[in-house]
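Dear colleague,

I am handing over the structure below, and I would be glad if you could look through it before reading on. My notes on what was found in it follow.

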Amino acid sequence: MPQRRGPAGTSARTIPAIAVTAIAIGSVLGLAGCAPGSSGGAPTTSVPVSTDVGADKVELTLYDGQGLQGVDDALIAGFEKDFPNITITGSYDPDNVHAQNLPRTLSSDNAPDLAQSTSIVDEVTDGLFLDLDGYEKAYGWDDLGTQLAAARVSDDLKQGSGSLYGVPYGFVFSGVYYNKKLADQIGLTTLPATIDEFEAALAKAKAAGITPIIAAGQLGLGTAAFQNLLDAYAGAEPVSDWVYRADDASIDTPAALTAAEKLKAWIDAGYFNADVNSTTQDASYSRFADGEALFMMQGSWANPILAKAAAPDSYGFIAPPTDGADGVKTAVYNSATIGISARSAHPNEAAAFLNWLRSDAAREIVLANGNIPLSTGSSVPTESGSVTESLVSVFDAVSADGGLVPFVQNATSGINNSAWVPQTQSLFGDQITPKQFLANIQKAYEDELGR
Amino acid sequence: MSTIDGNASEIVAAAAAGRAEQRSARPGRRRRGRSLGLRWLGWLFALPAAIMYAVFVLAPLASTIQYSFYDWNGIGASTWVGIGNYVRVFTDPDLLAAVIHSFVFIIFFSLIPVAGGLVTATLIRDIRSRAVSATARVFLFLPQIIPAAGAAVAWTWIYSNDGALNQFLRFVGLGDVARPWLGDFDWALPAVGIIGTWLSLGLCTVLLLAGIGKIDASLYEAVRLDGAGWWRELFSVTLPGLRAEIGVCITITTIAALASFDVVFLATQGGPGKATTVPGVEIYLLGFTQNRVGLASALAIVLMLLVLIVVGPIQRLFRERS
């Protein structure tokens, strides 16, 4: 009779094999010890704070996302010219990979000295970034004022105030690009400043057979349209509090519902490209550059890309529309913030780099690479009539209005993938109501924060 | 998390080990005294491989099991949560939907390709011209050579609003049916499934063709003399003769369906909404973007067990009775 295997006929021979496997798994579990991740924190550097970097040769490393490689490499070259004894080697990963790898890289044995972070509070929670309060005092960075707010984390691990953990060298922010030819075609003589004016322009475009807004929903970038409305209706502060995880913060509010309902009305009216949910970001850039749509809600980072794909005078940039003529100008922004690794052996030299980022030379490099430079009092020249000039003037106007709001997608490390992408796609795809949309986002937010 | 990729090789290895055991069983019984020493010598020879297996397969598997009982962000301190992560896997509608989608993919990754492969293989067998049949084989096997990631990117173009599929539909006057396939809540899942069908059809055809080649030609001659038609021939000779090959095809493609990642991630990232998400994509997103290593590990373990539960009976069903 042939030998049968399986649960009913487990032969005597398979028992040693099972035992060996069990012992192997058991011993590995035993070796791993107790709970994962509890095996002591990262050793923190203990070099006394000094602004003197001496003349000894020092090599530093910097870790960033590829999207910022151009500007980083230019900044490093500029810094090395001023500080010949310090060399910085940059290493880069694709932007989404960089965000994921950053905590792992910073906790590794060969952690970079300098690293850019978009979610600084997570790294601070895990003790991966050096507290820069000493350098702030030594170099006098406090004159940067609220520009440093996003780089501060309080003792109870709330972003926005407290100790300094990084220095931003530039900002990206989001607004509305428009196609000048299409604007002329529908007789848009004055550019829309309020939501009502914007909506009227959308209706005109739709009537003329032009796609009013092109959005890249495949990556959930319909969120940009929602947040522009949310910031306008709710105001900058409540939204910032939500992103900075203030206690009891909620996005399920009447103002947010107004924003979500307005967005839903625009979707239902056909004001977005029909294939929004399968449109990638790259495709949205090239289709906007090709003149398919009147508006595209995108960030300052898109300008260098559009400049290559479209004629420089074929498109322009305006601030997101406000709630009424006296509404506060708002815009979604993020800073490229560089921190120093808690494991760096050369924190003084690394801090010298952060300090150099305030120089005019550094700020010119930042602007030339499509980012908005730190505001230090002295102005960086821009070409008159260029889109870059509009970007800088819109940013200045919004920050003067106190309307800079962090990206809602950055509230937690996972909320973009767990909530914003699927929920905006569902709203655009007519699967959920504005009410459900907000409730689902809030639920994911509370779940991720363990509330 | 290496368990996803490890599944296929583990099963193949386990099956091979089982077969080897059966073969060596008989001489061992006859000469018991010498065989005891030989048995330990055998383990010694297996030691290098066993060490590699322990370090690269068992150890990650053990850590995955361990992590699955903790709430851990991958860096900081962790908290013991018992079976909390497993409870979440079975109660979170998004994660459950992911599991259901992977079962839907069995239809597209496994059933359709095996059925299509059978028909194609029998048709190719009937082709008299060697050149034509060789060309057909090459073209059918081509999707197997192209990396799934590349195929997914190419298919996203085909499926796009102005892509080849919609252009064709508009050309033949079916413009109303045209839609952004991967952005449509109802159609995205089957659209991604068809990419899988395209990928595994060639493999199934080539495997089944090789199997048909081994069937004794006199059997075909005999049924034909008895007056059997094409269908009769298929059911009486080809299918029984291909039992083992069909088993391999179904096993490999079912694992590919349940543990799918690359095609879905590159085509839709699980969207729109969560319409095409599968456990592989959820594990990746949980582990690497949401930093929920414990929950991701629990889902990975559940996925591994699911594959074993589904593939185990398939293996049994198609085992050759000799």
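Of the 451 residues of chain A, 47% count as buried, and please keep in mind throughout that this is a predicted model. The secondary structure of chain A comprises 17 helices and 12 strands, and its C-alpha atoms occupy a box of roughly 85 × 75 × 40 Å along the principal axes. Among the contacts in chain A with a separation of 6 or more, 77% are between residues 24 or more positions apart.

The largest nonpolar core has 81 residues, of which A:Y177, A:I213, A:A215 and A:F295 touch the most other members. Helix α8 of chain A (residues 222-234) supplies the largest share of this core, namely eight residues. Because domain 1 (58-171 + 336-387) and domain 2 (172-334 + 394-448) of chain A both contribute residues to this core, it lies between them. Leaving aside residues up to four places away in sequence, A:I213 touches A:L202, A:A225, A:Y271, A:F272, A:A293, A:F295, A:M296 and A:M297. Another core, of 66 residues, lies apart from that one and includes B:L118, B:Y159, B:V264 and B:A298.

In chain B, helix α8 (residues 188-214) has 27 residues and reaches 40 Å from its first C-alpha to its last, which is close to the 39 Å expected at 1.5 Å a residue.

With best regards

Technical notes:
Residues are numbered from 1 along each chain as its sequence is written. Chains are lettered from A and ligands numbered from 1 in the order in which they are written. This is a predicted model: local features need pLDDT of at least 70, side-chain atom pairs count only at pLDDT 80 or more; totals for chains, interfaces and linings use all residues. Helices (H or I, at least four residues) and strands (E, at least two) are DSSP runs, numbered from the N terminus. A residue is buried if 20 or more other C-beta atoms lie within 10 Å of its own, exposed if 12 or fewer, and partly exposed in between; C-beta atoms are placed from the backbone. Two residues are in contact if their C-beta atoms, placed from the backbone, lie within 7 Å. The expected span of a helix is 1.5 Å times one less than its number of residues. A nonpolar core is a set of buried Ala, Val, Leu, Ile, Met, Phe, Trp, Tyr and Cys residues joined through C-beta atoms within 7 Å. Domain bounds come from an automatic or database domain assignment.
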